[in-house]
Every structure is written in C-alpha cells, then in structure tokens.
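Subject: Handover of a structure, with findings

Dear colleague,

Please find the structure below, passed to you for your records and further work. My notes on what was found in it follow directly after.

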Amino acid sequence: MNVENTSKQSWWTRIAHPGQFVAWSRRLLVPLWIATAALFVLGLWLAFFASPEDYQMGDTVRIMYVHVPTAWLSQFVYGVMSVSAIGTLVWRHPMADVSMKAAAPLGATFTALALYTGALWGRPTWGTFWEWDGRMTSTLVLLLIYFGIVALWRAFDDQLRAARIVAVFTLVGAVNIPIIKFSVDWWATLHQPASVFRLDGPTMPGSILTPLFVMVFAFTALFLTLHLIGMHTEVRRRRVMSLERRLAQRGAA
Amino acid sequence: MMSAFTAILLRDLKLALRTGGDWLTLALFFVMVGIVVPFAIGPDRELLSRLAPGIVWIAAFLSVLLGLDRLFRADHEDGTLLLLRLSDLPLAGVVLAKLIAHWLLTALPLLAATPLLAVMLSMDPPAFLRAVVSLLVGTPGLVALGTVGAAVTVTIRRGGLIAPVLILPLAIPLLIFGVGAITTGPGPDQSGTALLLLAAISLIAVAVTPFAAALAITSAED
C-alpha cells in the first residue's frame, strides 16, 4: 500500500478501526436523536389523540402502540446480533464484536418490555397477566436466550476472545429459534385450543395502522441510537482496559 | 481416520470406567430426582402417573446438564484437547466421538434406570415403553446441544454454572416433544407425531452441533 491510497481507504476498512469508527459515527448521533424524538412525538400524538378507541377494548388498545414495536425489536435485535456474529466469524471485523456485545442487553430489555406490556394488556382484555400461549411462551424463551448471551459475555475476562465464542453460540441460537417457535406452537395448540382472543382476526383500519407504523419506526430509531452509544461505550471501555493493562505491565517492569 | 475416531471413543470410555463410577453417580442422581418429586407433590398415584412423563424428562434433563462439565474440561486442562486438534481427524470428528462416548456414559445408564422410576411413579407398561423410546431418541440431541454448551464454556473457570443456563432454553423443543412422545391424552393421541419430530430435532442436533462445538473450541484456544 503506498502513500497515495492510504487516505482513500474503503469505508469498510475505515470503520474497522475502533477509533476511526467512533470519530466517524459520532456525527450520526445528533441526527439519530432528532429523528428518534421527532418520530416519538409524532407517534405518541397519533397514538393518544388521533387514533380511535377499539370498540371492544376501549382505551387499552393503545398499549399496542408500545407492545408491538418492542415485540418487533425483540426479534430485530437478534437479527442484528446474528449478522454481527457472521461478521465476527467470517471477516473478524472488530466492530462486529462490539456491535454484537452492545446489542445483547438492549435486546433483552426490549423483549422484557414486550412481555411486560403484553401482561399489562392481557390483564384487562384476557383477564390474566400470563397465558401459556404459543407466541408469549416463545418470546419468554427468547428472553432466556438473551440472558444466557449476556451472562456468557460477562463470564469472559478477555473480551476479544469472548467475541468469537459468543458469535458461535448466537448463531446456534439463531438456528434454534425457529425450531423453538414451531415446537412451542405445537405444544400450546395441543394443550389449549385457540380460545384466546387474537388480534390478527380482523384487518386493522388505517387510523390504527398509521400510528402503529410510526411507533415501530420510532422504537427502531431509538434502538439504533442506543446501539450506537453502546458501541461507543464499549470501544472506550476496551481502550481503558488496554491502557490499564499497559500501565500494569510498566509497573511490573 | 476411522481408527482415530474409535480410538478417541474407546479412550473416553476406558477413562471414565476406570476412574470411578461417575456414570453410576449420575444414574443415581436421575433416580433420586424421580424419588424426590413425590415428596414434593404427595403420594397420589393417579397424579404421579399423570405427571410421570414430565418428571422422567426433567430428571434426564438435570442429569445430562450436571454431567456436561466433564465433556471437555479435563482434556482442556491437561492439554489433551490441544493435541487432539493436531490429529488427522477434523476437530468436528473428535467432538462427535466424544459426544458418542459421553452419551454412552451418561444417557445409557439413565435408560437402564428408567424401570425403577416407572415403578416409583406408577407408569403403566405401555407408557414405560414409550418413555424408554422417547429417552433413547431424545437424549442424543440433548447431549449434542450440551456439547455446544460445554465447548463454549471450556475456557471459563466457572463455566460449570453457565453452560446449563445457556443450553436449557435451546433444549426446550426436545423437552416438549420428548414428553409429547410419552403422553397420549387428553385429546387425540399425537405421541407418534411427537416421536418423529423428536427424532428429527435430535438427528439435526447431532449432525450440526459437532461443527459448532469444534468452531467454539478452536476460537477459545487461539
């Protein structure tokens, strides 16, 4: 590589350097925050004031505008983690490790929120906080997998070595999740016939669908913002750790 | 290549059989879980026989998870695993050999102990036969998933605790279809379907997990 093209590295190489990545992506944070805030203001206004009540559920239908986006994110974040895991295993891309690590607690949080809002919604509409229904049960199992991944990250002292191992486990989980989903559905239908009220019966009118989509985008933007901040924090944490290690070596020498 | 495979398999079996009765302790644990449950839920024979499939599978689950740590840890600590990586046999083959040895040492004793549990939990003979078939078909998948857990945690000193936490949620399909293959009611009898699905998941797990476990071991020791 000669001097001329060092400054014209591809963006792929440029974001592979943690310091460069932080410097380059820090400029994205403010626009991301603005987009998130704007989407939330619009979405919440639509959800609270511009959308009708449900003829059966009344005002409780508005829980949906938080519940559905978090449930979507619970799966989207696992997708992000799986893609990052492939990035770690195939290209050994250093930022893929960081992305994978920053996404895990966020995914666990959104999954827990989906379950929590679901329980709050289930109480007035189904009369119970929890039902061993297929979809809820598989979301619960997903939450357990997230907890396992977070615990696995924390069990390693050497985060660089941890990344490839966690990546293997994340991909095994990604292959397993459809199997879990299928088996839990089989199990739930065996034990209780579809007696539970389901949303996917009637098609939703536009007055509900529009705020729902805006809220989905708002929550996704929130995740992207928090994910980027988490990645920055992780890069800085690693730098601090390597500095501490160097200091300790100097002290020993 | 085949001889290396059988050599590893025989070595693991010999080591386990000569260095005391770990496999016996595991079978004992399996039976004890089954014996403890009636104390918790009462000696009602009807209730016990209805819960028996679930109890048998929970006991098998716990025993297999308990034995996971022995799969790679000792070999990792004395450096054998490093030598095995240098052999002609691909590491996935080594893992498969160790998986089979581990299944013979941990799951087969459980199968042998099942009649005892069947009597204790008052299972009728057809249910007992279904339980044996279900365990025979399902435990290889359980051990296979366990190898991933053991491989992922092999370099962690407190990995013995974390591997079960990782593997339990992934093994839920095996539990569902394993119990489903034993119970026949209420409603239409779907134990045959469940057994086939259990076999499918088990076979997929045995076929795929050695590669994942091998990948985890190579990246852990780099």
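Which residues in H2(B) meet which residues in H6(B)? On the H2(B) side they are B:Trp23, B:Leu24, B:Leu26, B:Ala27, B:Phe30, B:Val31, B:Gly34 and B:Ile35. Their counterparts in H6(B) are B:Leu105, B:Thr106, B:Pro109, B:Leu110, B:Ala112, B:Ala113, B:Leu116, B:Leu117 and B:Met120. By class, this contact of H2(B) with H6(B) comprises 15 nonpolar and two polar residues, with no charged ones. Please note that the model is a predicted one.

The geometry of this pair is as follows. Helix H2 of chain B spans residues 22–41, and its axis comes within 9 Å of that of H6(B), with a crossing at roughly 30°. Angles under 35 degrees count as roughly parallel, and H2(B) is therefore roughly parallel to H6(B). The crossing of H2(B) with H6(B) is right-handed.

H6(B) also packs against a further helix of chain B. Helix H6 (residues 91–120) and helix H7 (residues 125–152) of chain B have axes 9 Å apart and pack at an angle of about 150°. Because of that angle, H6(B) is roughly antiparallel to H7(B). This crossing, too, is right-handed. From H6(B), the residues taking part include B:Val95, B:Leu99, B:His102, B:Trp103 and B:Leu111; among those they meet in H7(B) are B:Phe128, B:Val132, B:Leu135, B:Pro140 and B:Thr147. The contact of H6(B) with H7(B) has 16 nonpolar and five polar residues, and no charged residues. B:Thr106 and B:Leu110 of H6(B) are listed in the contact with H7(B) and also in the contact with H2(B).

In an unreviewed entry, UniProt places the feature "transmembrane region" at residues 21–41, 47–68, 89–112, 132–154, 161–182 and 194–217 of chain B. Two of these stretches were examined in the model. Over residues 89–112 of chain B, the chain is 92% helix and 0% strand, and the C-alpha atoms at the ends are 32 Å apart. Over residues 194–217 of chain B, the chain is 100% helix and 0% strand, with end C-alpha atoms 33 Å apart.

Turning to chain A, there are eight helices and zero strands, which gives the pattern α-α-α-α-α-α-α-α along the sequence. Of the 253 residues in chain A, 32% are buried. Among contacts in chain A with a separation of 6 or more, 81% are between residues 24 or more positions apart.

One helix pair in chain A deserves mention. Helix H4 (residues 64–91) and helix H5 (residues 94–126) of chain A have axes that come within 8 Å and cross at roughly 160°. H4(A) and H5(A) are therefore roughly antiparallel to each other. H4(A) passes H5(A) in a left-handed crossing. The residues of their contact divide into 17 nonpolar, 11 polar and one charged.

Finally, the two chains touch: 22 residues of chain A are in contact with 21 residues of chain B. On the chain A side, helix H6 (134–155) and helix H7 (159–191) each supply at least two residues. H7(A) gives the most, with 14 residues. By class, that side of chain A has 16 nonpolar, four polar and two charged residues.

With kind regards

Conventions:
Residues are numbered from 1 along each chain as its sequence is written. Chains are lettered from A and ligands numbered from 1 in the order in which they are written. This is a predicted model: local features need pLDDT of at least 70, side-chain atom pairs count only at pLDDT 80 or more; totals for chains, interfaces and linings use all residues. UniProt positions are given in the numbering used here, feature names are shortened, and annotations may be inferred rather than shown by experiment. Helices (H or I, at least four residues) and strands (E, at least two) are DSSP runs, numbered from the N terminus. Two residues are in contact if their C-beta atoms, placed from the backbone, lie within 7 Å. Ala, Val, Leu, Ile, Met, Phe, Trp, Tyr, Cys and Pro count as nonpolar, Asp, Glu, Lys and Arg as charged, and the others, Gly among them, as polar. A residue is buried if 20 or more other C-beta atoms lie within 10 Å of its own, exposed if 12 or fewer, and partly exposed in between; C-beta atoms are placed from the backbone. Axes are lines fitted to C-alpha atoms, for helices over the stretch in contact, and angles run from 0 to 180 degrees between N-to-C directions. Angles under 35 degrees count as roughly parallel, over 145 as roughly antiparallel, 65 to 115 as roughly perpendicular and the rest as oblique. A crossing is left-handed if the near helix is turned anticlockwise from the far one by less than a right angle, and right-handed if clockwise.
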